[in-house]
Amino acid sequence: MNKMSFHLVKREPMVWYKNVFVRAIAIIASLIVSAVAITILTGKNPLEVYASMVSGAFGSSLRIWSLVQNVAILLCISLAVTPAFKMKFWNCGAEGQVLIGGLATTAVMMFLGDSLPYPALIVVMLIASMLAGIIWSVIPAFCKALWNTNETLFTLMMNYVAIQSVAFFLKYFVKSGSGVLAPMSEYGLPVLFGQSYLLNIIIVAVLTVLVYIYLKKTKHGYEISVVGESENTAKYIGINVRKVVIRTLVVSGALCGIAGLLLVGGTNHTISTTTVDGRGFTAIMVSWLGKFNPVYMVLTSFLIVFLQRGAGQVSTDFRLPSAISDIVTGIILFFIIGCEFFLQYKIVSTKSGKEND
Amino acid sequence: MKKILAVMLAAIMIFSLAACGGNETGKENDNKGMSESPIAEVALNVDYEVPSDFKIGFICLHDENSTYDLNFLNAVDKIKEALKLTDEQVIVRVNIPEGNECYVAAKDLVSEGCKVVFANSFGHEDFMIQAAKEFPEVQFCHATGTKAHTSGLDNYHNAFASIYEGRFLAGVAAGLKLNEMIEAGKFTAEEAKMGYVGAFTYAEVISGYTSFYLGAKSVCPTVTMDVQFTGSWYDATEEKNAAEALIARDCKLISQHADSMGAPGACEAAGIPNVSYNGSTYDSCYETFIISSAINWAPYYNYIIGQVVKGEKIDADWCGGIAEGSVVLTGINQGVAAEGTYEKIQALVEEIKAGKLNVFDTASFTVGGKKLDSYQADVDTDAAFQPDTEVIADGVFNESEFRSAPYFDLRIDGITLLNEKF
């Protein structure tokens, strides 16, 4: 019985231009497959669809600002989850950590906006949001470090607590029909040069550099990678794993809190249960696709935001159900993730019976 | 042998497909089930020419899958055709949540060159106001909102329709159906109870279910009603569950003010008559659908486009009625509705138009066993949500008089709220 079978072999690292070439092919292939899908499903001209995607992302200066600001927020959350993920601490709670940071910001704006001088208000907002994010991330970290609880489940649960806290807050303090809190623009973060998104973008750019340095150049960063590679090795060389876990989650939570501050204080000036809009989870994909490298993550978060905004434009321009644009986004991401996989592994065919014994 | 079997199977499948197809077209062509609408269609009065560089933008909370949004989108198509607007002149943004996204979408529409931006969901209001403050030269119009008359902005406007009149007429159809079932001996007059699936315990919904109930009560005096709230404008599962719970509580007829097919679908499955909202559900529920009231937004679109093109001011509040063509009814499903429904409603339409019939006549309802002479309603939205305006005059609760959005929030006798969701 000579049955064919396959197994995967890790590739030798390839030269950089080959890597780029393979990725380019993957993107072109994904565009072709999506084009076929669009034509079959909707009968529209795929070139027009792609043109509308580009216009949705870059069509006007407002859209470009909006795109960059969304990249900044997603990148900020991705930066926040990266240290934890690099340490193999599966922090699925960014959604809740950002939201609770946003809630803390909202509460400060609502209750202290009148009474504090503006500079003090901003400082209080920053401290409150970071503290809230830290509390939300440290509770699961603490339980993991002390009792080895499952952090994936724990952080996921904390998301629901955060979402319900926001729902409760809105129900209690906003008594209008739809429970929408009117934007409190007067208490927002400062607007630089008349561009309301500029401050957010600058802050995230600085954070990107800081996180890069923290992960690559500091002792903390080194400890994180050792714990991530092997806890036993870490223990063997004298790293206090519990301490590293908790410390890293403090960093992670604080960054999530800042993302919440930027989201609420910088752009929305209000909060709802969907303010974070799944970005706490998308950030995980950004972080993985970017191989935990903050510089690559700029590209991956840009890619994902571009796809989302472009796809949104497609569904309004052609009045297609939003599912169509989700399908296109899905196809493109599928090819990109697939290509990353095949850059690292290759398929080798084997004849069973020979190698198995 | 296998081949023969395969051929036979294929033949059976084709045959059954054809049979299904036959039924399908049979149903669609066989339109005698639905009557004409008892309200004659009002033609749009277009007395202006739209310049080719004019653009209008629409922001919708959901898309065509929500009956509420579909109703707005249908009106967009209507006005587009009536004014011969091109695709470039009418920009529609769907699935815009009630948050910062609405503000961004409004700004985006302005940057595309829209002179008027319209948003359709209550929660969009604050974000439309935010955009209106930023772009004083663009007109922002908002359906169902409450803040235009106190906002102090010249370019922000609210609109609604006297839909309580439509609800009342739909309620009459429900009452007549109950009477028919009572006469047929299906239950006694005392057991005549209706169920209502509402979104939020909020004036717009309360005004809606109360007018529906009063319509039914005007022809079936013993009727009572249970109301179950879902706490969401669009949640198919919750609405289905609420309708099923009401049916389990022995409600003989169901109506709803929530936007999915949840409640009508549950009624069709249980064989319980349903009075719908926002538009006909006849196609999927032809064994239980009776009638539906809806707001036709095309007259309002026509009004705001006209005012902008002519360079005239748009009213802070606009409330269209039957005469303007804003309040409409679908046809009546004659297979389900009681005999004489069409004629009865047609007669009442004339009475409403002539001003002889007031839905919220204080003689027709009691609160806590008493008739009301005076009521302070919360018309001006402020942080305290305090009542501020006397709304009863000459024995009538004047709904939509002091602002376009409903403010009738009285809990009248005969209606039981099973829960409350704000």
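**Domains, chains and helices**

Reply: The centres of domain 1 of chain B and domain 2 of chain B, taken over C-alpha atoms, are separated by 29 Å. This is a predicted model, in which local features need pLDDT of at least 70 and side-chain atom pairs count only at pLDDT 80 or more, while totals for chains, interfaces and linings use all residues. Residues are numbered from 1 along each chain as its sequence is written, and chains are lettered from A and ligands numbered from 1 in the order in which they are written.

Me: How do you know what the domains of chain B are?

Reply: Domain bounds come from an automatic or database domain assignment. For chain B that assignment gives domain 1 (56-161 + 297-320) and domain 2 (163-295 + 329-358 + 403-417).

Me: What makes up the contact of domain 1 of chain B with domain 2 of chain B?

Reply: Two residues are in contact if their C-beta atoms, placed from the backbone, lie within 7 Å. The contact takes 18 residues from domain 1 of chain B and 14 residues from domain 2 of chain B. On the side of domain 1 of chain B, the elements giving two or more residues are helix H2 (67-82), strand E5 (156-161) and strand E11 (317-320) of chain B. Helices (H or I, at least four residues) and strands (E, at least two) are DSSP runs, numbered from the N terminus.

Me: What makes up the contact of chain A with chain B?

Reply: Chain A contributes 23 residues and chain B 24 residues. Helix H3 (61-86) and helix H10 (241-268) of chain A are the elements that give two or more residues to chain A's side, and H3(A) gives the most, with three residues.

Me: How do you know the extent of the domains within chain A?

Reply: The assignment gives domain 1 (1-44 + 320-357) and domain 2 (62-175 + 182-318) of chain A. Their centres, taken over C-alpha atoms, are separated by 31 Å. The contact takes eleven residues from domain 1 of chain A and eight residues from domain 2 of chain A.

Me: What makes Val138(A) the site of a kink in H5(A)?

Reply: The bend at a residue is the angle between axes fitted to the seven residues ending there and the seven starting there. At Val138(A) the kink is about 30 degrees, shortly before the proline Pro140(A). H5(A) is followed by Asn148(A), whose phi is positive, near 55 degrees.
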